[in-house]
Amino acid sequence: MESSIQALKNIKTGSLYYFLAIIIALVTEAVIFREKSLANSFFVLIFELVVYGILLIGFSRMRTGFFQLSKTINTYIGTTGVNIFIIGIVALLFGAILPILIYIGGSLVFIGDVMIGYTIYKIGQRFQVNTEKIAGILVMISITSFIGYIISYFASDEVMRKMLQAPREEKLLIVPSDKSIGYGILKSNGDANVVVYSKESSEIISAQIMGYNFQTLQINPKTVMAGENRIYIKFALSGVMFVPGNIYNLEILLANNEKLLASLVYEL
């Protein structure tokens with residue numbers, strides 16, 4: 001939960017940095033428009049470098065946020081989009097030396113905006129925050145990305161509130177009366193704490209979330225005893241959007257060919 005909140009804070013900060021960079025850029029352009037003699041001055045160069053610097057810092061924060069949030073939502077498209085955007089900014093920076101870089105940089109910035117906007121939209125969709133969804137659409141359009149990022153900045157607070165309101169573990173843990181089916185909690189970081197019932201002692205061969213092909217990183221203990229067993233399993237969750245509160249089925253295969261089943265409640 002804490003890492004997801006920090007991720008959203010980084011995305012929010014990145015949006016603010018973008019907004020500030022655009023404000024400085026617009027002020028600079030306004031000054032140039034009124035005082036055309038300053039167009040190629042040292043003053044303008046300094047302000048352009050400040051704008052590029054703020055953009056790079058802001059989108060670096062946003063990239064970190066997307067990467068942190070990827071444990072909860074598939075935000076890898078946004079991470080890639082930020083990388084493409086930053087490359088585009090660097091290309092534009094050297095456009096005065098090689099004019100073709102202006103076209104290449106502009107195209108990369110547009111592609112980056114589309115990918116970032118799509119990810120912001122998905123975040124809004126995931127937590128049912130309409131203003132965040134609108135922000136994502138505006139960013140995807142690119143020419144309105146300035147408006148989209150500032151809306152995203154304010155909408156991030158509502159997203160964080162929705163995330164903090166997610167059901168807690170004590171409310172979700174349900175102990176079934178049928179002892180043939182175990183129960184437990186699956187966390188967004190891949191940790192699963194499971195209670196299962198076995199007919200006899202045996203070694204655990206594998207554990208799998210049914211319907212998915214996640215790699216199992218750790219199982220402890222690696223054997224079960226007859227009766228109730230508490231097992232910790234670490235999965236490498238990636239590329240899948242799980243829904244908090246939903247139940248996902250776990251299958252544990254034992255060396256004696258017995259299969260232990262458990263219902264896991266997913267939480268952030």
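## Surface and overall make-up

The protein chain exposes about 13900 Å², and carbon and sulfur atoms supply 61% of that area. Accessible areas here come from the Shrake-Rupley method with a 1.4 Å probe, and for residues only the protein chains shown count as cover. This is a predicted model, in which local features need pLDDT of at least 70 and side-chain atom pairs count only at pLDDT 80 or more, while totals for chains, interfaces and linings use all residues. Residues are numbered from 1 along each chain as its sequence is written, and side-chain values use heavy atoms, with hydrogens and water left out.

Of the 268 residues in the protein chain, 43% are buried; buried means under 20% relative accessible area, exposed means over 50%, and partly exposed lies in between (1.4 Å probe, protein chains only). The chain holds seven helices and eight strands, which are DSSP runs numbered from the N terminus (helices are H or I, at least four residues; strands are E, at least two). Among contacts between residues at least 6 apart in sequence, 64% join residues at least 24 apart, where contact means heavy atoms within 4.5 Å.

## Stretches annotated in the record

An unreviewed UniProt entry places the feature "transmembrane region" at residues 16-33, 39-61, 73-94, 100-121 and 133-155. UniProt positions are given in the numbering used here, feature names are shortened, and annotations may be inferred rather than shown by experiment.

Two of these stretches can be looked at side by side. Residues 73-94 are 82% helix and 0% strand, with end C-alpha atoms 35 Å apart. Residues 133-155 are 83% helix and 0% strand, with end C-alpha atoms 9 Å apart.

## Where H4 meets H5

How do helix H4 and helix H5 lie relative to each other, and what is their crossing angle? The axes of H4 (residues 100-126) and H5 (residues 130-140) come within 7 Å and cross at roughly 170°, so the two helices are roughly antiparallel. Axes are lines fitted to C-alpha atoms, for helices over the stretch in contact, and angles run from 0 to 180 degrees between N-to-C directions. Angles under 35 degrees count as roughly parallel, over 145 as roughly antiparallel, 65 to 115 as roughly perpendicular and the rest as oblique. Residues making the contact include Phe110, Asp113 and Tyr121 of H4 and Glu132, Lys133 and Ile137 of H5. By class, the contact has 11 nonpolar, four polar and three charged residues. Here Ala, Val, Leu, Ile, Met, Phe, Trp, Tyr, Cys and Pro count as nonpolar, Asp, Glu, Lys and Arg as charged, and the others, Gly among them, as polar.

Gly117 is buried, with a relative accessible area of 0%. Leaving out residues up to four places away in sequence, Gly117 touches Gly136, Val139 and Met140. The C-alpha atoms of Gly117 and Ala135 are 7.4 Å apart, though 18 residues separate them along the chain.

## Loops worth a look

Gln128 sits in the loop between H4 and H5 and is exposed, at 65% relative accessible area. Its phi is near 55°, a positive value in a residue other than glycine. Ser142, in the loop between H5 and helix H6 (145-164), also has a positive phi, near 75°. Ser142 is buried, with a relative accessible area of 17%.

Further along, Ser180 lies in the loop between helix H7 (169-172) and strand E1 (181-187) and is partly exposed, at 48%. Finally, the peptide bond from Asn220 to Pro221 is cis, with omega near 0°; Pro221 belongs to the loop between strand E4 (215-220) and strand E5 (223-224).
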